[in-house]
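Subject: Structure handover

Hello,

Here is the structure for you to look at. My notes follow below it.

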Amino acid sequence: MLPVDSVLDLAGKSKLSLLGMGFDVSSSQFDVSGDVTEPAGLATRCEVDGIEIAIETTAGAHSAYAAFQGDEKTPVVPLSAGWQGFMVTDDLEATASVLLSCKNWSPKEGSGILVTADSPYDTEVTESIRLKLAQVATGTAQRAADKTGCETQTGDTDKLTAPETNARTVSADAATGTCKGMTSVPTVRETAAAQAPVEECVLVGSLRLFAEYGPFSDASDAVINGKYGGHDAPSGVERSTAWTSATCQGALGIGYYHASPVEGSDREFTSAPLNKSERADIQRFADQSAARHGCDSPAALP
């Protein structure tokens, strides 16, 4: 399922290296949720000369939470060229995730394909490495779909560009991406508005807003408490979280949209309730993200 040329390029190797010593390749099978009967060949984890790649069904996926930890210093940046994916980059490593919805797979058959790929160990995460990693993740997703009979719509690998490493900080009225239309603060931090399965908008000094889909909306241990990002109700406000949700198609499952105080804040919504403009921003963020992903309208905040 791996795109050989792209993987070798990311590893900094030529095809001749496949014939020699010192080139390490290994793979192992693993099971996703017991509720899923995955296609032959899934789920599998590959390691190629320090590059780790996991290929699994979106239903019951293991790798979603590992790919996305929600650190403010490592923003979620969408992939380009029509791919439903994103990259998270820190000083030492980058992780790319790609989600494909398989129109001919039911949830019990896995719903879709999730590919998670890490950059090589001990390699500086340059612009070139980020582009090569994006090509590996998307190429693997395409080959996995072809080999498992997944009927899906992909992006264009030839038009991929290297994801940025940072979100952009702009005045709220100049925002054109994930924070477009926010009014509760003067400054926001955003990424491009695409169709990534995780999206982020930071209302600087106030709130962090996230949209999460498919395996990313239920990637926390708390999901055992309810299907709406770990909640029983489709919308609500608790001490440190305000959320809403929407029903989406295929592998996107439930869209989970939530807000929490920015890192370092001791604010609690029970003692410092959301004001009218903050509530409007949370709802607007959810509505805009849901529309881009083809989901139903999110529930109203209570």
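**Surface and overall build**

The protein exposes about 13,600 Å², and carbon and sulfur atoms supply 47% of it. Accessible areas come from the Shrake-Rupley method with a 1.4 Å probe; for residues, only the protein chains shown count as cover. Please note that this is a predicted model: local features need pLDDT of at least 70, side-chain atom pairs count only at pLDDT 80 or more, and totals for chains, interfaces and linings use all residues. Residues are numbered from 1 along each chain as its sequence is written, and side-chain values use heavy atoms, with hydrogens and water left out.

There are four helices and 14 strands in the protein. Helices (H or I, at least four residues) and strands (E, at least two) are DSSP runs, numbered from the N terminus. The radius of gyration is 19 Å, close to the 19 Å from the globule rule for 302 residues, so the protein is as compact as a globular protein of that length. That radius is taken over C-alpha atoms, and the rule is 2.2 Å times the number of residues to the power 0.38. Along the principal axes, the C-alpha atoms fill a box of roughly 65 × 40 × 30 Å.

Of the 302 residues, 51% are buried. Buried means under 20% relative accessible area, exposed over 50%, and partly exposed in between (1.4 Å probe, protein chains only). Among contacts (heavy atoms within 4.5 Å) with a separation of 6 or more, 58% link residues 24 or more positions apart.

Charges: 22 side chains are positive and 41 negative, and the centres of the two sets lie 5 Å apart. Lys and Arg count as positive, Asp and Glu as negative; His and the chain ends are not counted. Each charge is placed at NZ of Lys, CZ of Arg, CG of Asp or CD of Glu.

**Helix H1**

H1 spans residues 4-11, and its buried residues are Val7, Leu8, Leu10 and Ala11. They cover an arc of only 160 degrees around the axis, which puts them on the same side of H1. The arc is that of the directions from the helix axis to the C-beta atoms. Their cover includes strand S2 (44-48), strand S3 (51-57) and helix H3 (127-148). Glycine 12 follows H1, with a positive phi near 75 degrees.

**Backbone points to check**

Most residues other than glycine have a negative phi, and most peptide bonds are trans.

- Leucine 42 and alanine 43 are joined by a cis peptide bond, with omega about 0 degrees. Alanine 43 sits in the loop between strand S1 (25-29) and S2.
- Alanine 81 has a positive phi of about 65 degrees. It is in the loop between strand S4 (76-78) and strand S5 (85-89), and is partly exposed at 26% relative accessible area.
- Aspartate 122 has a positive phi of about 55 degrees. It lies in the loop between strand S7 (112-118) and H3, and is exposed at 82%.

**Around helix H4**

Where does isoleucine 282 lie? It is in helix H4, and it is buried, with a relative accessible area of 2%. Leaving aside neighbours within four places in sequence, isoleucine 282 contacts Leu207, Leu209, Ala242, Ala259, Leu274 and Leu301.

Arginine 267 is in the loop between strand S14 (254-261) and helix H4 (276-292). With the neighbours within four places again left aside, arginine 267 has contacts that include Ser206, Leu207, Leu274 and Glu278.

Best wishes
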